[in-house]
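This report is for a reader meeting the structure for the first time. Look at the sequence and the fold below, then read on section by section.

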Amino acid sequence: MHRLSGNEIREKFLEFFESKGHLRLPGASLIPKNDPTLLLTGAGMVPFKPYFLGQEKPPRTRITTCQPCIRTPDIDRVGYTDRHGTFFEMLGNFSFGDYFKSEAIAWAWEFVTQVFGLPEDRLWVSVYEKDDEAAGIWHEEVGVPKERIVRLGKDDNFWEIGVGPCGPCSEIHLDRGPEHGCGRPDCSPGCDCDRFMEIWNLVFIQFRRDEEGNYHELESKNIDTGMGLERAAVILQGVNNIFETDLVKPILDKVAELADTSYGADPKKDVSLRVITDHVRGITFMVKDGIVPSNEGRGYVLRRLLRRAVRHGRLLQIQLPFLAEVVETVVAQMGQAYPDLVERKDYILNVISQEEERFRQTLDQGVELLEKTLAELKSKGKEVLPGFYAFRLYDTYGFPFELTKEIAGEAGFNVDEDGFHQAMDQQRQRAREARGDSGYVDLEEQFYTDLAKERNLRSKFVGYDQTTATAAITALVKDGKLVDSLSEGEEGQVVLDVTPFYAESGGQVADTGKITGENGELAVTDVKRVGGSLIAHTGKVKRGQLATGDKVEAEVAAAIRLDTARNHTATHLLHKALRSLLGEHATQAGSLVAPEYLRFDFQHYAALTPEQLAEVEERVNAEILANHPVTTEVTSYQEAVDKGAMALFGEKYGDRVRVVQVGSYSTELCGGTHVCSTGQIGLFKIISESGVAAGTRRIEALTGRHALRWLNERNRLLEGVASQLKVNPEQVQSKVARLVENLKSAEKELKNLKHQLAQEELDNPAELAQDVQGVKLLARRIDDLDVPGMRNLVDELRAKLGSGVVVLGSAAGGKVVLVAGATKDVVENGIHAGKLVGALAKLVGGGGGGRPDMAQAGGKDPAKLDEALASAAQVLAEQLS
């Protein structure tokens, strides 16, 4: 057995398959590209689904990769076992209609025995129980003894996810020795014990499962294999688990250093060390790939992993914040294999640090709420925290359940765990129902893929150079089914052999227009590329009828197309301007290019200042005025990148790419439509800048006639205001400033007068107060004071009263404010202003409280304010009794 480092294992695997004619590709983004069925990339084959489904043509029929992956089904077991992790690297080799079982099996055996040097007599293989072909290859061609070939059922050795490609698997296992086993004489691969460790899974994709569950043999068979890099390192480095490999141990050691402990010294602390190590590896790669924390989707997965790591840091008594230091170690450890980690390090650190600080504040808020609830339960003689409350803390505030149990336990409480898990299960069920069973395949996409194959159809896009084209209708679809014709009033999809219509892609919306035949006309409202090679035009028949085979004229709405092109080219200029001004980290995180406006999301950790926005706008307009030519060329991906073209991270590019160059200012890979020269954009105007997620900013802007219309409207507004103020537009700002100053002065004077009037009205509070069991109570409605004025007045009245309680109420704007104060002597006798005002607030549909001597509350029902103030005496009497 050869001892190899993790980096050596990765490189030797990729080199081995390159020697077998495979194209080495870099690992793809953790955000699956154009795949609504998946949240995150969880296997090496995910980026290649369109190739397996026949929707796209691969750049090579043999490919090999090392793919970073995230899987979270076992998140709750991470840290508690030696082998579970959410983040891992998957080594894989893939064949798309090229080689099949014989080559895949032979090469796998060659690699594990010759490159890894694993002893053949300790290697076992498992095959699907009905796969005689694979079993025969292992025994007859490779020479594995029959007694070390185990046949397993569908659950273990057959790969399928709903409708779509599927097939039997064959796994290679290493016998670690009886000391790791269960002691049963029939122990073999498939046993639940730790004796047999799976090294490599070979999936033979030879069937397609249909909606009824039937299996159909594929004409073009594929290979998908996966070997966990960390698991291979465990075997070759002779360690017990993934956390002790050279890939992971330096990160774990850093966490242990921060916790002032050592791995293996305390089993309970080891759990937290493993959780933090695994989760920080995962969140570092997730943020690097453009995922940002949020309350849904993949952003929620990131938030959950990060917060779980912080919570375990708290258990280890690591001083917050600490994640940035661990991220630094992850980048140092993995930056050689993934250079973009180094390039985007500052951005990654900022996003993670900001989210950690937000969670620290959430923890503080959650602790305060929990302690308050526990105090209320204790006052009622309760000893169990209801499960629904623990779940609400977890769901609303992201407060970890384990932390709730810990704090409750310290206060002498148990937590209703069954109730918590019941509420959690109900939420998961709701999420499943909302999400639906998407399965492996997008059924609409598969419909068009099958249609293209069965009828040998293709749609040729000619819209880069023209906005009209003569075409033939090759298919008509209505409600997901093929039809022969569409009649007036009917909606459906039209597939053409040639089209000038741009299909929605790369953030650019689809063209609109019309398709006109001799017998009818369809208004096109949407266009999508489907089935890999077809373009479907969605619309409604405005007159007559369209039928399959008709000759038609396809006409794009040219003025709207030009608006879209202006915005798309301006987006490239904006991208370049932002990176030049803010730094190379300010890369695109999403975009929308529509005719009316453009929206551009980019990665940056702070809001842009007005000065920065003005500078960006000025730079873009300078390039527009320069009237740069906008040129395009189609070339190889590598040649384009070598020439300086910017490839957007997470985008999937083919072997041939389209390069859009704006003079010498900007060069990007892009498939969208653009103007011929920047002067056609006319004008660029930023109308908003905002944050859409942690570390992601958004700019919305207008160009051309839409920008001019916006500026004209603003100018009309300015002239209207100037007319009302009876000044020139240039004098509006100074005039408004003087008016605001005068208004502030008047408001201040009015406030003082209101306070003076209230004082005079209540000049002798002792005479106005009522006696409640020997305690003076003054309860009055004062509608003309703001909250600070009310608090000041309560202080003054309390002082004049000498001994007693003051309650003031005010109603304005549909809201109620209550302020109460009590003198020191009555507080010592049991009076509590906070409880008093809290009880009154309930009567006006609100709540609140505060200190025994001063408190404030609010409500939503002004109509009941007088009733609430009248009840003050009764509430006070209850306190005294």
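## A three-stranded sheet

Three strands make an open sheet, ordered β24-β25-β26, and their pairing is antiparallel. The edges belong to β24 (630–636) and β26 (666–669). Each of these two has a single partner strand, so one side of each is left without a neighbour in the sheet. On average, neighbouring strands here are turned by 25° against each other, direction ignored. This is a predicted model, and what follows describes that prediction.

Strand β25 (residues 656–662) is joined to β26 by four bridges, in the antiparallel sense. Within that pair, Val660 has Glu668 of β26 as its bridge partner. A helix covers this sheet too: α17 (residues 558–582) lies across β24, β25 and β26. Its direction is at about 115° to β26.

## A six-stranded sheet

Strands of a sheet pair through backbone hydrogen bonds, either parallel or antiparallel. Which kind of pairing is found in the open sheet of six strands? The pairing is mixed, and the strand order is β29-β30-β31-β32-β34-β33. Here the edge strands are β29 (770–772) and β33 (847–850). Why is one side of each left without a neighbour in the sheet? Because each stands at an edge with a single partner strand. From one strand to the next, the twist averages 20°.

Two helices lie across strands of this sheet. Helix α23 (residues 787–801) lies across β30 (775–781), β31 (805–812), β32 (815–822) and β34. It runs at about 155° to β31. Helix α27 (residues 872–880) lies across β29, β30 and β31. Its angle to β30 is about 150°.

## The hairpin at the edge

Follow the chain from β33 into β34. The two strands form a hairpin, with three residues between them. Strand β34 covers residues 854–859, and its pairing with β33 is antiparallel over four bridges. Which residue of β34 stands opposite Gly847? Gly858 does. Gly849 is also bridged to this strand, with Gln856 as its partner.

Helix α9 (residues 297–315) meets helix α12 (residues 345–379). Their axes come within 10 Å and cross at roughly 60°. The crossing is right-handed.

From α9, the contact draws on Arg303, Leu306, Arg307, Val310, Arg311 and Arg314. From α12 come Ile352, Glu355, Glu356, Phe359, Thr362 and Leu363. How many residues of this contact are charged? Six are charged, five are nonpolar and one is polar.

Rolling a probe the size of a water molecule over the atoms shows where empty space is left. How many cavities of 30 Å³ or more does the count give? It gives two.

The largest cavity holds about 50 Å³ of space. Its lining consists of Asn7, Arg10, Leu247, Gln333, Met334, Gln336 and Ala337. Helices α1 (6–18) and α10 (323–334) each supply at least two of the lining residues. By class, the lining has three nonpolar residues, three polar ones and one charged.

The second largest cavity contains about 30 Å³ of space. Around it stand Val509, Ala510, Asp511, Thr512, Ala557, Ile560, Arg561, Thr564 and Pro595. Five of these lining residues are nonpolar, two are polar and two are charged.

## Two backbone details

Most residues other than glycine have a negative phi, and most peptide bonds are trans. Two places in this model deserve a look against that background.

The peptide bond from Leu320 to Pro321 is cis, with omega near -5°. Where does Pro321 lie? It sits in the loop between α9 and α10. Asp260 has a positive phi of about 55°, although it is not a glycine. Asp260 is in a loop as well, the one between α7 (249–258) and α8 (267–288).

Conventions
Residues are numbered from 1 along each chain as its sequence is written. This is a predicted model: local features need pLDDT of at least 70, side-chain atom pairs count only at pLDDT 80 or more; totals for chains, interfaces and linings use all residues. Side-chain values use heavy atoms; hydrogens and water are left out. On a 1 Å grid over the protein atoms alone, a cavity is a set of points where a 1.4 Å probe fits but cannot get out, and a pocket is an open set with protein on both sides within 12 Å along at least five of seven lines; lining residues have an atom within 4 Å of a point. Grid points are joined across faces, edges and corners, and a volume is the space filled by probe spheres set on the points. Ala, Val, Leu, Ile, Met, Phe, Trp, Tyr, Cys and Pro count as nonpolar, Asp, Glu, Lys and Arg as charged, and the others, Gly among them, as polar. Two strands pair if DSSP finds at least two bridges between them. Axes are lines fitted to C-alpha atoms, for helices over the stretch in contact, and angles run from 0 to 180 degrees between N-to-C directions. Contact means heavy atoms within 4.5 Å. A crossing is left-handed if the near helix is turned anticlockwise from the far one by less than a right angle, and right-handed if clockwise.
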